[in-house]
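Here's a quick tour of a protein model, written for someone who would rather look at side chains than read tables. Keep the viewer open as you go.

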Amino acid sequence: ILVANPSAILVIAGIGPGRKMWEGLAESLGVNRQVKFVGYLDNPMPLIMRAAVYVQSSLHESFGLSIVEAMACGTPVVATDCYFGPAEILGDGMYGQLVEVGNTIQMAEAISNILDHPEKYADIGRLASKRVEDFSPDNIFYLYKTLFERISGEDSY
């Protein structure tokens, strides 16, 4: 992706034991000027708002708050279809791209499509930013309240 898009910059936020290995890989591939390791960020939102695409390449994921944050910014999302959160959050692909876990070719194609055709994904970004309302505290509270009322009203014994 970086070789095909020389103006693209890959920004990697977060910390982990593999950073030195990833920095070495970027250097060996000749893309180290296009890869920025920014470490831990207290507030990644300004970075996400400026991004052309947000990528979540998890092997496993719970709720995936960062996916929702990217959607709230209207930033197109590419995420792995891992258990348990991304497919539900992204409406099985309606609000962002889902790719198979470990399928680097599929991931690269999804990212490239967004970078090459941003206008095509602008509507999805706007739709995704509305989807975020489904995860608002007020809406979640209402859903839990309704569930508990329904359960308590049933003869569960």
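## The sheet

Three strands make up an open sheet, running in the order 3-4-5 with parallel pairing; strands pair here if DSSP finds at least two bridges between them. Helices (H or I, at least four residues) and strands (E, at least two) are DSSP runs, numbered from the N terminus. Strand 3 (54–56) and strand 5 (97–99) sit at the edges with a single partner strand each, so one side of each has no neighbour in the sheet. Ignoring direction, neighbouring strands are turned against each other by 15° on average.

Strand 4 and strand 5 pair in the parallel sense over three bridges, and A79 has L98 in strand 5 as its bridge partner. Helix 3 packs on this sheet, touching strand 3 and strand 4, and its direction makes about 165° with that of strand 3. Contact means heavy atoms within 4.5 Å; axes are lines fitted to C-alpha atoms, for helices over the stretch in contact, with angles running from 0 to 180 degrees between N-to-C directions.

## What you're looking at

This is a predicted model, where local features need pLDDT of at least 70 and side-chain atom pairs count only at pLDDT 80 or more, while totals for chains, interfaces and linings use all residues. Residues are numbered from 1 along each chain as its sequence is written, and side-chain values use heavy atoms, with hydrogens and water left out.

## The nonpolar cores

The largest nonpolar core has 14 residues, and Y54, I67, M71, V77, I89 and L90 touch the most other members. Helix 3 (65–72) and strand 4 (77–80) each supply at least two of its residues, with the largest share, four residues, coming from helix 3. A core here is a set of buried Ala, Val, Leu, Ile, Met, Phe, Trp, Tyr and Cys residues joined through side-chain atoms within 4.5 Å. Buried means under 20% relative accessible area, exposed over 50%, and partly exposed in between (1.4 Å probe, protein chains only).

Another core, of eight residues, lies apart from the largest one and includes V53, V78, V99 and I111.

## Aromatic pairs

There are three aromatic pairs, counted when ring centres of Phe, Tyr or Trp (its six-membered ring) lie within 6.5 Å; planes under 30 degrees apart are stacked, over 60 edge-to-face, and the rest tilted. One of them is F63 with F135, edge-to-face at 5.4 Å centre to centre and 70° between the planes. This pair links distant parts of the chain, 72 residues apart: F63 is in the loop between strand 3 and helix 3, and F135 in the loop between helix 6 (118–131) and helix 7 (137–153). F63 is partly exposed at 37% relative accessibility, whereas F135 is buried at 19%.

Y83 and F84 form a tilted pair, 5.5 Å centre to centre with 45° between the planes. Both Y83 and F84 are exposed.

## Salt bridges

The structure has five salt bridges, meaning a side-chain nitrogen of Lys or Arg within 4 Å of a carboxyl oxygen of Asp or Glu. R126 bridges to D123, with the closest N and O atoms 2.4 Å apart; both lie in helix 6, three residues apart. In helix 7, E149 and K145 are four residues apart, about one turn of the helix, and their closest N and O atoms are 2.9 Å apart.
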